[in-house]
Amino acid sequence: MTTAWMGRTSGNPLIRLTLQRMAISLGLLLAMSLLIFIGVELLPGDVAQNILGQSATPEALANLRTELGLDQPAPRRYLSWLWGILHGDLGTSLSGGQDIAEMISGRFANTMLLAGLAALVSVPTAIVLGLLAVLYRDSWVDRVISFSTLATISLPEYFIGYVLIMVFSIWLGVLPSDAIVYKGMGVGERLISLILPCVTLALVVIAHMMRMTRAALISVISSPYVETAELKGLKRRHILTRHVLPNAISPIITVVVLNLAYLIVGVVVVEVVFAYPGMGQLLVDHVAKRDVPVVQAVGLIFAATYIILNLIADILAIVANPRLRHPR
């Protein structure tokens, strides 16, 4: 049975390519875990010193390092951490003594909520803007959309966030300048507090997705069958929606999923700007404390999310484009 299943798997290009992408993703995740561990090890400062304060004696610092396991060689600590991750144990915070999985659960839900709202706004908006830019190509509509998105891409997220705070919180006073949420908070109040960080994230992602959507559609428009449809007298809008968009869907799907990955891992700056209690804020807080296990766990979750979404983008591209399933 196993031999027959392997034979069917090797004969199916979709399953074979999917398994290859999964193996590559697992290798990347292992490499990222090592890079995260090395990066955290290179952080300046001493967690024992942060816990005990500047007045701590050398003996007290040495005892605390031994208690926390910081006196062990780095390779041994990495393997111990990786073994715990494989068994679902994210470890314990050095600075607070809390279970890291419990610390992250609520924060991860907050980050997913923010990223999900930004995705609901940005994905359809970007695709519609891309269609409009191609439909009215080289007109003032195309120029305005292209210039606006190029300007948005050129500006960092924190600058966009501070501009929105200045306009809507300070000048107009219609929206809160922070995005502090808590348990028991009403749905309406929570959504209002998320408007500015959501718009900040969406503006950057819309710009990237719109420009890539426009490029994908333009590359398909240059195909001979599109010229034939135009010569037959079909309307440009009909050609764009019925013939061009379905054939450009593969690169568009890839761009959308990759930008969703950015939404998950790119929220760090936005969460800090708006004091939003998500994974990004948790990461920044514990980098300052040099809380190694928390930083490693959050970094690994971000890396895993990005790699998984890249894997999904690859699989969707293979499914949407039959040419990728067959060697040339």
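The second largest pocket holds about 240 Å³ of space, and helix α6 (residues 100-135) contributes the most to its lining, with five residues. Everything here comes from a predicted model, in which local features need pLDDT of at least 70, side-chain atom pairs count only at pLDDT 80 or more, and totals for chains, interfaces and linings use all residues. Residues are numbered from 1 along each chain as its sequence is written, and side-chain values use heavy atoms, with hydrogens and water left out.

**How the spaces are defined**

- On a 1 Å grid over the protein atoms alone, a pocket is an open set of points with protein on both sides within 12 Å along at least five of seven lines, while a cavity is a set of points where a 1.4 Å probe fits but cannot get out; lining residues have an atom within 4 Å of a point.
- Grid points are joined across faces, edges and corners, and a volume is the space filled by probe spheres set on the points.

**Second largest pocket**

- Lining this pocket are M103, G106, R107, A109, N110, V181, Y182, K183, R190 and P277.
- Its lining has five nonpolar, two polar and three charged residues (Ala, Val, Leu, Ile, Met, Phe, Trp, Tyr, Cys and Pro count as nonpolar, Asp, Glu, Lys and Arg as charged, and the others, Gly among them, as polar).

**Largest pocket**

- Here the space comes to about 440 Å³.
- Of the 18 residues that line the largest pocket, L68, R77, S80, W81 and P293 lie nearest its centre.
- Helices α5 (74-86) and α15 (292-320) each supply at least two residues of this lining, and α5 gives the most, with four residues.
- By class, the lining of the largest pocket divides into eight nonpolar, eight polar and two charged residues.

**Enclosed cavity**

- The count comes to one cavity of 30 Å³ or more, and the largest cavity has a volume of about 50 Å³.
- V134, L135, I221, V226, E230, R236, I239, L240 and V244 form the lining of the largest cavity.
- Two or more of these lining residues come from each of α6, α10 (224-231) and α11 (236-247), with α11 giving the most, four residues.
- The lining of the largest cavity has seven nonpolar, no polar and two charged residues.

**Overall build**

- The protein has 15 helices and zero strands (DSSP runs numbered from the N terminus, with helices being H or I of at least four residues and strands E of at least two).
- Its C-alpha atoms fill a box of roughly 85 × 70 × 35 Å, taken along the principal axes.
- Among contacts (heavy atoms within 4.5 Å) between residues at least 6 apart in sequence, 74% join residues at least 24 apart.

**Surface and burial**

- Buried residues make up 41% of the 328 residues (buried means under 20% relative accessible area, exposed over 50%, partly exposed in between, with a 1.4 Å probe and protein chains only).
- V141, in helix α7 (residues 140-154), counts as buried because its relative accessibility is 18%.
- V141 and L129 are twelve residues apart in sequence and 9.7 Å apart in space, C-alpha to C-alpha.

**Confidence**

- The average pLDDT (the predictor's confidence in each residue, from 0 to 100) is 83, and 94% of the residues score at least 70.
- Among the elements, helix α1 (residues 2-11) has the lowest mean pLDDT (50), and helix α8 (residues 157-171) has the highest (93).
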